[in-house]
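Please read the points below alongside the sequence and the model.

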Amino acid sequence: MDLSAFGPFLERLSQTRLAPWRTALEAALRRRLGPGAHGDLARWEAALAALPELPDTVAVLDQPCVGAVSRILLNPATEVRLRAALMALHPWRKGPLRIHDVMIDTEWRSDLKWDRCAEAITPLNGRLVLDVGCGNGYHAWRMLGAGAELVMGIDPTLLFVVQFQALNRYLCTDALAVLPLGIEDLPRELSGFDTLFSMGVLYHRRSPIEHLFDLYRLLRPGGELVLETLVIDAPGQQILVPPGRYAGMRNVWFIPSVEALKVWLGRCGFKALEVVDVSRTSSEEQRSTAWMRFQSLADQLDPETPTRTIEGHAPPTRALLIAQRP
């Protein structure tokens with residue numbers, strides 16, 4: 001993978017008020033994509049190269065199943081090649097996704113999360129959007145389908161970047177990219193996004209307050225934050241600090257109550273806080289599938305007391321909040 005893979009998006013970005021970002025982003029991408037970027041990268045790129053040419057397809061970005069569809073049936077040999085190339089990029093976490101006749105039944109029904117926020121956020125028409133920790137870009141595709149002018153997704157996991165590139169082989173847009181960067185790789189002196197999504201990230205940060213300050217900085221004045229994260233169902237300002245794993249995850253640091261989370265956001269300068277949704281994650285929304293064969297939510301709940309995780313904590317509950325940078 002080289003910088004040229006991101007050239008069309010960076011050129012599109014240069015046509016917006018985010019143009020001053022281009023040089024710093026190119027430098028960050030060169031550092032990330034240097035020698036030894038990932039031991040499996042060659043195998044993943046081979047899967048990209050094995051993707052077949054397909055009959056004319058139409059991008060579908062405003063429906064639960066994002067993808068490229070066609071009324072022309074694939075011949076069986078081409079469908080086998082397409083399925084094998086996509087399966088070589090296992091595991092698929094966010095979706096559902098579809099390329100022609102191949103349905104990718106991902107671990108997460110990410111469309112359910114999108115439904116919880118879509119009606120509450122400021123309409124995305126013409127907005128410049130940043131999706132932090134975007135995975136393979138499922139929600140970023142939905143943002144583009146909702147009218148965003150440009151969506152920049154960032155995620156340091158190279159597999160997710162390659163999965164996005166596999167999808168974009170057929171969706172063919174330069175208004176969206178998943179860049180293999182973390183939020184710490186973004187230029188600290190620059191800002192300017194209209195809407196910023198941070199979904200499923202905050203509890204993975206060793207310093208959640210620093211993360212919120214970073215989100216604030218990246219928004220323009222008047223910009224909107226869409227924050228989704230794990231919370232505990234507890235009164236007042238309480239915080240769970242798991243002594244080990246939480247629901248099987250190693251890198252969970254702080255899980256606040258909703259009231260504590262609101263205080264964190266206020267201390268970081270956000271205003272007009274709105275709690276849009278608080279819901280317990282179900283095994284219908286997150287589960288193992290043929291496209292994600294590892295353990296999932298059901299395996300991390302106590303089989304005798306499914307209202308507790310295998311570590312004895314309350315089961316995953318997620319809150320969705322919207323806030324403004326004044």
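Leaving aside residues up to four places away in sequence, proline 52 touches Thr78, Arg81, Leu82, Arg169 and Tyr170, where contact means heavy atoms within 4.5 Å. This is a predicted model, in which local features need pLDDT of at least 70 and side-chain atom pairs count only at pLDDT 80 or more, while totals for chains, interfaces and linings use all residues. Residues are numbered from 1 along each chain as its sequence is written, and side-chain values use heavy atoms, with hydrogens and water left out.

**Proline 52**
- Proline 52 lies in the loop between α3 (41-49) and β1 (58-60), helices (H or I, at least four residues) and strands (E, at least two) being DSSP runs numbered from the N terminus.
- Proline 52 has a relative accessible area of 1% and is therefore buried, a term that means under 20% relative accessible area with a 1.4 Å probe and protein chains only.
- Proline 52 and arginine 81 are 29 residues apart in sequence, yet their C-alpha atoms are 6.8 Å apart in space.

**Threonine 16**
- Threonine 16, in the loop between α1 (7-13) and α2 (22-32), is buried, with a relative accessible area of 13%.
- A polar atom of the threonine 16 side chain lies 2.8 Å from the backbone oxygen of leucine 13.
- Threonine 16 also touches Leu128 and Glu149, not counting residues up to four places away in sequence.

**Helix α6**
- Because seven of the eight residues of α6 (residues 138-145) are buried, this helix is largely enclosed by the rest of the structure.
- The buried residues of α6 include Tyr138, Trp141 and Leu144.
- Just after α6, glycine 147 takes a positive phi of about 110 degrees.

How values were computed: Buried means under 20% relative accessible area, exposed over 50%, partly exposed in between (1.4 Å probe, protein chains only). A polar contact is a pair of N or O atoms within 3.5 Å; within protein, one must be able to donate a hydrogen and the other to accept it, and residues adjacent in sequence count only if both atoms are side-chain atoms.
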